[in-house]
Amino acid sequence: MFSYLPLVLRNAVRNRRRTALTVASVAVSLCLLGVLLALYRSLFYGGDTTPGQAMRLVVHHKIALTQDLPVAYEEKIAQIPGVRAVTRLRWFGGTYKDARDTRNQFAQFAIEPQTLFDVYPEFRITASEKQAFLSQKTACVASRALAEKLSWKLGERITLVGMPITLELTLAGIFDDPGVSSVLYFNWAYLRDSLPVGDDHRDMVQQFYVEANNKDVVSDVARQIDEAFADSPYPTKSEPEQAFFLSFVSFLGNLKLFLAAICGAVTFTILLISANMLSMSVRERTREVGILKTLGFSSGEILEMVVGEASLIAVAGGLLGCVLASGLCAAIAAAMKNAPGFVSAIKGLSLSPLAAALTLIIALLIGLASSVVPGLSAARTSILDALRYNG
Amino acid sequence: MAIPISYNLRNLMVRKTTTIMTALGIALSVAILVASLALVNGLRTVFRNTANPLQLLVLRKGGDSELGSIVSTEAFATLRSQAGITLGRRGEPLASPELVNVVNLPSVDNPKGMNVTVRGLTTTGIEMRKVRLIAGRWFQPGQREIVVGKAVAKRYPSARIGRQIQFGKGDWEIVGVMHGGESAMDSEIWGDLNQVSGDYNRQASPSSVLLQATDAPTLDALQHSIEDDRRLGARAITEQDYYQNQTSSGAPLEFLGIFVAVIMAIGGGFAAINTMYAAVALRAKEIGTLRTLGFSETSILASFLIESMLLSVLAGILGCLLALPLNWVTTGVGNFASFSEIAFQFHTGTAVMFAGLTFAIVLGALGGFLPARSAARKEILSALRDE
């Protein structure tokens with residue numbers, strides 16, 4: 001079929017405006033398809049993880065995240081083979097300044113300062129700031145994104161009004177974190193000692209974050225932890241951090257179905273657009289088809305030419321679409337900079353080679369599928385009818 | 001003088017296949033827009049049905065959800081004795097202390113588990129809501145019994161009547177199914193306040209208190225007096241405001257839907273421009289004839305613009321029709337305020353359909369403008385000579 005390539009090319013650019021519009025139309029739709037594929041991958045396959053995250057597990061109560069676990073579990077978890085480090089975590093829903101301003105809303109976690117940085121090896125903090133955090137009970141550290149958002153400086157006094165207690169914290173350090181955005185960590189011991197003696201929550205936490213020795217033992221460690229506490233009054237559920245974040249994605253609704261339905265609709269639309277454009281140009285050329293046939297071109301060759309033209313346009317649209325899609329992905333990633341941690345994968349949204357390849361393959365398939373009907377009708381036209389045609 | 005619309009209609013009919021294909025291309029983007037708006041509309045309906053305009057929700061100071069809130073027993077006693085609270089059937093003030101938590105259950109959509117709100121309340125709390133049993137009976141005070149909302153029973157296989165589910169300190173038996181219209185109550189599990197509090201070690205402190213005022217001015221006064229009383233350390237918010245804020249849980253899906261619809265519309269728009277240019281090229285001779293008969297450039301421009309808009313109206317109607325079956329679909333979305341799933345139905349109300357149609361017509365007008373202008377600017381002679 002390549003021997004007719006010059007003719008196919010000439011045909012494709014004959015009506016430049018139409019070809020340009022069709023390529024643009026196909027490109028825009030395929031760009032959308034590319035972005036959706038990238039989004040699907042980053043939401044449900046977590047995009048690319050840092051090595052630290054790949055080795056991390058979350059341990060929480062089996063029944064609900066809101067149910068507490070005894071802090072004493074920490075020691076038992078630390079003894080399980082394959083566990084490198086473990087830290088406790090308690091969520092604190094304190095109010096900072098005027099909570100109606102959404103800028104003042106951020107995640108606040110009580111943790112164990114010694115082990116926090118062992119469990120999160122990707123956090124970058126200077127040795128002196130880390131030392132300050134360890135040595136002072138009321139100290140806290142904030143992620144760079146949070147500190148910049150609220151223009152906090154080291155030594156900043158931060159008051160978190162909670163129930164039944166209010167915490168007075170001092171910012172001891174600012175750490176860099178490639179993933180999560182607005183988060184503040186403070187000493188769990190300070191929270192515990194602030195709670196009245198006899199309070200049921202005093203020696204309880206909500207989660208443990210565990211860093212395993214290597215990626216391969218993660219699922220085994222999870223199983224061992226859950227087995228250890230299965231018969232206690234506080235059974236646990238351990239899962240890789242990525243899977244844990246994924247359960248929050250399901251919170252956004254049935255996104256999988258939503259994305260799949262949209263991808264289907266988009267593909268069908270491109271098919272319509274491309275088929276419509278092609279049948280318009282083939283119909284206009286009916287008389288030419290007659291002449292080609294008179295010159296001795298076979299029906300098969302004419303079909304080939306139409307299919308070739310359609311594929312050319314679709315692939316051109318696909319290439320342009322991929323370029324647009326990678327731009328759009330970068331724009332979305334930039335716009336989502338302050339998104340909550342569980343969708344952190346979106347912050348690295350990009351059109352992966354696989355998604356680009358898939359988009360191009362879909363483009364080619366659409367080109368082929370859309371040319372079948374117009375191509376066959378052109379090939380089947382009888383010479384006499386074609387020459388008599390007045391279009 | 002204007003060219004009759006029937007001329008455009010007949011033209012669209014003659015080129016049936018092209019018309020339908022172009023319209024369908026645009027229709028799909030309209031359908032996606034309508035679906036996203038219908039989703040938020042459905043969610044809004046649920047929250048609107050949940051709120052009673054005369055009720056006030058009291059949370060901890062600075063709290064914005066029941067889940068992370070604590071109100072002390074002393075505060076409850078003060079709240080209960082405030083003036084202006086409606087009296088219930090048995091003559092007691094309609095003030096309901098409630099404990100809210102969540103339980104993770106495998107759902108139809110999420111076999112790995114989704115959070116469901118568990119609410120502990122008293123008979124007063126039930127009396128304050130428009131909710132009725134559709135199966136079984138209410139839970140007995142002092143028993144480990146629960147009643148589940150209609151949507152919970154439908155969407156969570158483990159939460160059917162007669163079964164037991166586990167949360168807090170042990171098993172709970174499901175003895176009834178309740179239905180509160182299309183409301184958030186359909187997505188909740190209710191049990192006896194004392195039993196639920198005991199399981200969560202919260203005997204002394206409910207999460208929130210719901211109050212019913214006798215009338216609207218009293219509601220206002222009540223809200224102010226609670227907010228101003230520093231000893232209470234509480235925040236009072238009308239139930240209407242509280243639930244209205246939660247409509248934002250549908251925002252990510254809505255944003256995604258609109259984003260997709262707009263991009264698809266750009267693609268569909270290019271295709272529509274193509275179709276209209278083809279229509280203009282095909283009818284060059286006709287345009288020349290019309291001009292010779294005395295129709296002005298403006299009439300020609302208007303006629304082609306109208307034809308493009310007729311095409312897009314068809315697309316709009318098709319799009320709305322495509323989205324219509326969604327009205328029978330129930331789905332769920334996570335509510336970040338209650339940290340649990342809220343079930344709702346899509347609602348393609350008139351406003352939503354109107355938005356979809358407008359969207360299509362604007363698209364038709366934009367897409368039709370350039371081809372229509374090129375039609376209007378054709379030289380009469382060259383148009384007539386065109387083969």
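This is a predicted model: local features need pLDDT of at least 70, side-chain atom pairs count only at pLDDT 80 or more; totals for chains, interfaces and linings use all residues.

Biologist: At what angle do helix α11 and helix α14 of chain A pack?

Modeller: The angle is about 35°, and the axes are 9 Å apart. Helix α11 covers residues 255–284 of chain A, while helix α14 covers residues 353–380. The crossing of α11(A) and α14(A) is right-handed. As for the residues in this contact, 11 are nonpolar, six are polar and none is charged.

Biologist: Now a single residue, please. Is Thr381(A) buried or exposed?

Modeller: The idea is to count the C-beta atoms around a residue, and 20 or more others within 10 Å make it buried. Thr381(A) has 20 other C-beta atoms within 10 Å, so it is buried. You will find Thr381(A) in the loop between α14 and α15 (383–388) of chain A.

Biologist: Which residues is Thr381(A) in contact with, leaving aside its neighbours within four places in sequence?

Modeller: They are Thr286(A), Val289(A), Gly290(A) and Ala386(A). Take Val289(A): 92 residues separate it from Thr381(A) in sequence, yet their C-alpha atoms are 8.0 Å apart in space.

Biologist: Let me try chain B. Why does Leu94(B) count as buried?

Modeller: Leu94(B) counts as buried because it has 21 C-beta neighbours inside 10 Å. Leu94(B) sits in the loop between α3 (73–80) and β2 of chain B. Beyond four places in sequence, the contacts of Leu94(B) include Ile85(B), Leu87(B), Thr124(B), Met128(B) and Leu211(B).

Biologist: How should I think about a nonpolar core?

Modeller: In soluble globular proteins, nonpolar side chains tend to be buried together. Here the largest nonpolar core has 231 residues, and those touching the most other members are Cys140(A), Val34(B), Val58(B) and Leu211(B). The element that gives the most to this core is α2(B), with 19 residues.

Biologist: What does Val34(B) touch, not counting residues up to four places away in sequence?

Modeller: Val34(B) touches Gly319(B), Cys320(B), Ala323(B), Thr348(B), Val352(B), Met353(B) and Gly356(B).

Biologist: What about the domains of chain B?

Modeller: A domain may be made of separate stretches of sequence, as domain 1 of chain B shows with 5–48 + 249–385, while domain 2 is 62–232. Their centres, taken over C-alpha atoms, are 46 Å apart. Their contact involves 13 residues from domain 1 and 17 residues from domain 2. On the domain 1 side, α2, β11 and β12 (340–345) of chain B give two or more residues each, and β12(B) gives the most, with five residues.

Biologist: And how many residues does each chain bring to the contact between chain A and chain B?

Modeller: Chain B brings 43 residues and chain A brings 37 residues. On the side of chain B, the elements supplying at least two residues include α2 (16–50), β2 (95–105) and α9 (251–282). α9(B) gives the most, with 14 residues. That side of chain B divides into 22 nonpolar, 17 polar and four charged residues.

Technical notes:
Residues are numbered from 1 along each chain as its sequence is written. Chains are lettered from A and ligands numbered from 1 in the order in which they are written. Two residues are in contact if their C-beta atoms, placed from the backbone, lie within 7 Å. Helices (H or I, at least four residues) and strands (E, at least two) are DSSP runs, numbered from the N terminus. Ala, Val, Leu, Ile, Met, Phe, Trp, Tyr, Cys and Pro count as nonpolar, Asp, Glu, Lys and Arg as charged, and the others, Gly among them, as polar. Domain bounds come from an automatic or database domain assignment. A nonpolar core is a set of buried Ala, Val, Leu, Ile, Met, Phe, Trp, Tyr and Cys residues joined through C-beta atoms within 7 Å. A residue is buried if 20 or more other C-beta atoms lie within 10 Å of its own, exposed if 12 or fewer, and partly exposed in between; C-beta atoms are placed from the backbone. Axes are lines fitted to C-alpha atoms, for helices over the stretch in contact, and angles run from 0 to 180 degrees between N-to-C directions. A crossing is left-handed if the near helix is turned anticlockwise from the far one by less than a right angle, and right-handed if clockwise.
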